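Please open the model in your viewer and keep the sequence beside it. The stops below tell you what to select next and what is there.

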Amino acid sequence: QAKTHEVRQGPDGVCFVSNLERIQVASTIEGMQALRMGMRNRATGVTQMNSHSSRSHLVMAIHITGRQPGGTTLTSKLTLVDLAGSERLSRTGATGDRLVEAQHINKSLS
């Protein structure tokens, strides 16, 4: 069963999303495997407008730490965001659960 994710505010006032997974990798290959796993876990569906429509948002934060030969540590953060597409409900032909899902996606983007 899928975990629910909610935007919350911590006691320190900083906002965060609940139930996220953090994966530590030590190489480019492990990083690419983690990215592929994230893509496999995405929800997709078929509509009349799109045969491979993303039905979920994806936010991936990549924290990179590197050490220079002299001992200096460099850190970076790269955030990748892919939002589920907003579609005109009248053109998708969506009904039932797919219609409700599309309404939630459109609402989340407004």
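How many residues does helix H1 have, and what distance does it reach from its first C-alpha to its last? Before selecting it, note that this is a predicted model, in which local features need pLDDT of at least 70 and side-chain atom pairs count only at pLDDT 80 or more, while totals for chains, interfaces and linings use all residues. Residues are numbered from 1 along each chain as its sequence is written, and side-chain values use heavy atoms, with hydrogens and water left out.

Now select residues 28–40, which form helix H1: this helix has 13 residues and reaches 18 Å from its first C-alpha to its last, close to the 18 Å expected at 1.5 Å a residue (the expected span is 1.5 Å times one less than the number of residues). Helices (H or I, at least four residues) and strands (E, at least two) are DSSP runs, numbered from the N terminus.

Within H1, pick out Gly 31, Ala 34 and Gly 38, which are buried. They cover an arc of only 60° around the axis, which puts them on the same side of H1; the arc is that of the directions from the helix axis to the C-beta atoms. An α-helix has 3.6 residues a turn, so residues three or four places apart point the same way. On the other side of H1, select Ile 29 and Arg 40, which are exposed. Here buried means under 20% relative accessible area, exposed over 50%, and partly exposed in between, with a 1.4 Å probe and protein chains only.

Next, go to the loop between strand E2 (15–17) and H1, where you will find Asn 19. Asn 19 has a positive phi of about 60° although it is not a glycine. Most residues other than glycine have a negative phi. At 40% relative accessibility, Asn 19 counts as partly exposed.

Then move to strand E6 (residues 73–82) and select Leu 80, which counts as partly exposed at 35% relative accessibility. Which residues is Leu 80 in contact with, leaving aside its neighbours within four places in sequence? They are Leu 35, Leu 58, Val 59, Met 60 and Ile 62, where contact means heavy atoms within 4.5 Å. Val 59 is 21 residues from Leu 80 along the chain, yet their C-alpha atoms are separated by 5.8 Å.

Finally, show the whole chain, whose secondary structure comes to three helices and six strands, following the pattern β-β-α-β-β-β-β-α-α along the sequence. Of its 110 residues, 18% count as buried.
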